[in-house]
Amino acid sequence: MTATVRPAGATTRPAGLRAGWLAGGVAAVLVALVAGLAFGSVALPPGGVAVELLNLVPGVHLHSGLTAREVAILTELRLPRVVLGLLVGGLLALAGAAYQGVFRNPLADPHLLGVAAGAGLGVTAVISLRAAAPGDATANLPVGVPVAAFAGALLAVALTWLLGAAGGRDRSPATLILAGVAVSSFLAAGQTYLMQQHVETLREVYSWLLGRLATAGWHDVLIVLPYAVITAVIVLAQRRELDVLTVGDEEATGLGLHPQRSRYLLIVAASLGTAAAVSVSGLIGFVGIIVPHTMRLLAGPSYRSILPLSVLFGGAFLALADLLARTAGGQAEIPIGVVTAFFGAPFFIVVLRRSRGA
Amino acid sequence: MTAVLARDLRVRLDGNVIVDGIDLDVSRGEWVTVIGPNGAGKSTALRAIGGLLPFTGTVELNGTSVDRLHRRERAKTIATVAQSPTVPPGMRVLDYALLGRTPYIPPLGRESAADLAAVEEVLESLDVARFAGRRLETLSGGERQRVFLSRALAQGAGILLLDEPTSALDIGHQQEVLELIDRLRTERGLTVLMTMHDLTTAGEYADRMVLLAEGAVVAAGTAREVLTEDNLAKHYRVRVRVIEGDHGPLVVPVRG
């Protein structure tokens with residue numbers, strides 16, 4: 001038998017999550033975790049921080065060299081804040097990637113679709129109505145907040161979808177975003193009305209609107225965790241379906257899929273994740289655009305890599321953005337939404353130009 | 001054995017009747033080409049048979065009603081290539097062809113070595129394996145058409161529905177693609193049902209032809225039976241000369 005040249009096809013591997021990228025994502029999370037814990041108004045040695053993190057593993061008792069006060073700062077103040085940043089960033093990036101796949105629209109993002117505004121209206125309603133009701137108003141958000149945020153988020157995404165569909169079959173990516181802007185404005189008006197009616201809660205609502213990572217405690221982490229797990233499981237389970245949906249609904253149907261069912265499932269899951277993130281952290285924009293697009297550029301167009309990498313890099317991005325927010329402005333913290341917008345707005349323009357050129 | 005059977009097939013789109021009660025039979029291994037003027041309902045009928053549009057009437061694939069086939073089973077039985085398939089941005093040829101294995105991959109699962117082997121065999125057979133790592137948008141029209149076909153063949157379906165597979169190609173590439181389809185049909189025992197605008201070429205390759213006009217079958221049979229000057233004048237509203245060629249009638253439009 002004569003030797004044959006190995007065809008190029010045999011050396012090309014199918015799209016999917018490469019081990020190198022996964023390791024990179026885990027490393028980014030670890031770097032963000034240690035940096036987020038070590039730096040701040042009181043600097044802690046990164047080595048001691050890493051040892052204390054290991055001490056959180058049951059059965060491990062190592063000497064970190066940190067004082068009891070430093071350990072308290074680490075575990076009670078900074079750790080919940082950094083963990084919440086990782087969770088919220090991961091959720092917003094995952095939701096953004098899922099929306100982009102579902103709507104086949106590179107500009108889709110929890111904020112641009114109006115989902116965050118819907119969740120915000122839900123949260124404002126709960127804060128305002130709770131203040132109106134007799135009883136104590138604790139510093140922690142009530143557990144019902146994510147549910148109200150979820151209802152608002154679903155209402156918003158449904159409205160945006162319907163309004164975007166009114167443009168007919170020839171709708172462009174921009175049509176859906178215009179619909180999202182209109183829905184956001186409408187829901188924001190509702191939110192303003194509620195705030196006007198309950199001026200006694202203005203301060204609480206505003207502090208939440210500017211981002212609540214500043215007051216994060218383990219309570220917030222526990223509120224968001226179950227929603228984060230549900231969202232991540234559902235969206236990640238649909239990662240191959242999202243790849244198939246890129247060829248269009250009709251061809252996806254021909255390939256044996258139920259595109260509409262996958263789409264509804266993903267929208268509900270992404271909206272749930274957005275609602276959970278918004279309910280504990282306020283309105284933090286652009287994470288859902290910046291992170292998935294960067295992953296797409298670096299690791300390729302398959303959702304099998306974009307989705308898991310968005311979770312990891314989205315979490316790391318927001319934890320680091322929060323570090324910048326609390327250290328760059330001197331004594332006063334910069335709201336984290338300002339930091340993400342600072343990076344996100346120029347990025348959005350680049351994505352818009354690319355999508356119009358495509 | 002009948003591979004595709006349609007009885008009283010009707011399709012309404014946005015309230016308009018597009019396909020108005022057609023009957024169609026395609027035997028296993030046969031090549032049937034549906035022709036007709038623009039708006040006759042060719043593509044719509046094809047999409048309905050492929051299970052991509054809601055319809056009334058009966059469609060049976062290999063003797064089983066499509067209503068009784070699960071989506072995945074249907075995708076293993078019949079594969080459709082649309083007239084202008086969507087080219088997903090950035091997707092590589094191998095990944096696109098692998099989408100054809102979707103009906104074989106369980107929910108939450110991933111491609112097996114067997115899926116990969118099946119796709120590599122198809123890519124080799126269509127002479128596109130050397131493009132496996134290239135992005136679809138970098139390929140020429142003819143190469144891209146072969147990649148679309150490879151995705152359909154990867155489905156492992158015995159029935160191939162092709163909607164205007166050569167409309168975007170020059171005559172050289174048209175012939176190349178049609179010869180390729182004919183070879184695959186023989187090698188793999190495929191049944192081919194397609195739509196086409198080029199009447200002469202359609203007649204040269206098809207075993208039988210079906211002429212649709214205003215959603216109904218107005219002529220059916222061999223190319224010689226369907227491609228008559230009268231039929232074409234009546235339904236295309238055009239003056240043509242039909243000349244006997246080596247592989248079937250040659251249709252030449254003449255100025256009226």
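Which helix of chain A holds A:Leu298? Select helix α13 (residues 287-299) and you have A:Leu298 inside it. Helices here are DSSP runs of H or I with at least four residues, strands are runs of E with at least two, and both are numbered from the N terminus.

Before moving on, note that this is a predicted model, where local features need pLDDT of at least 70, side-chain atom pairs count only at pLDDT 80 or more, and totals for chains, interfaces and linings use all residues. Residues are numbered from 1 along each chain as its sequence is written, while chains are lettered from A and ligands numbered from 1 in the order in which they are written.

**Stop 1: A:Leu298.** A:Leu298 is partly exposed, because 13 other C-beta atoms lie within 10 Å. The cut-offs: buried means 20 or more other C-beta atoms within 10 Å of the residue's own, exposed means 12 or fewer, and partly exposed is in between, with C-beta atoms placed from the backbone.

Stop 2: Color by secondary structure: chain A shows 15 helices and 0 strands. Of its 358 residues, 49% count as buried.

**Stop 3: α4 and α9 of chain A.** Select residues 68-102 for α4(A) and 218-237 for α9(A). Their axes come within 10 Å and cross at roughly 30°. That makes α4(A) roughly parallel to α9(A), the term for angles under 35 degrees. Axes are lines fitted to C-alpha atoms, for helices over the stretch in contact, and angles run from 0 to 180 degrees between N-to-C directions. Show side chains at the contact: among them are A:Leu84, A:Leu87 and A:Leu91 of α4(A), and A:Val221, A:Val224 and A:Ala228 of α9(A). Contact means C-beta atoms, placed from the backbone, within 7 Å. By class, this contact has 15 nonpolar, 1 polar and 1 charged residues. Ala, Val, Leu, Ile, Met, Phe, Trp, Tyr, Cys and Pro count as nonpolar, Asp, Glu, Lys and Arg as charged, and the others, Gly among them, as polar.

Stop 4: A hairpin of 2 residues joins β11(B) to β12(B). Pick B:Arg241, and its bridge partner in β12(B) is B:Val252.

**Stop 5: where the chains meet.** The contact takes 31 residues from chain B and 25 from chain A. On chain B, α2 (71-77), α3 (93-98) and α4 (113-125) each supply at least two residues of the side touching chain A. That side of chain B has 17 nonpolar, 6 polar and 8 charged residues.

Definitions and conventions. Pairing = 2+ DSSP bridges. Parallel < 35°, antiparallel > 145°, perpendicular 65-115°, else oblique. Contact = placed C-beta atoms within 7 Å.
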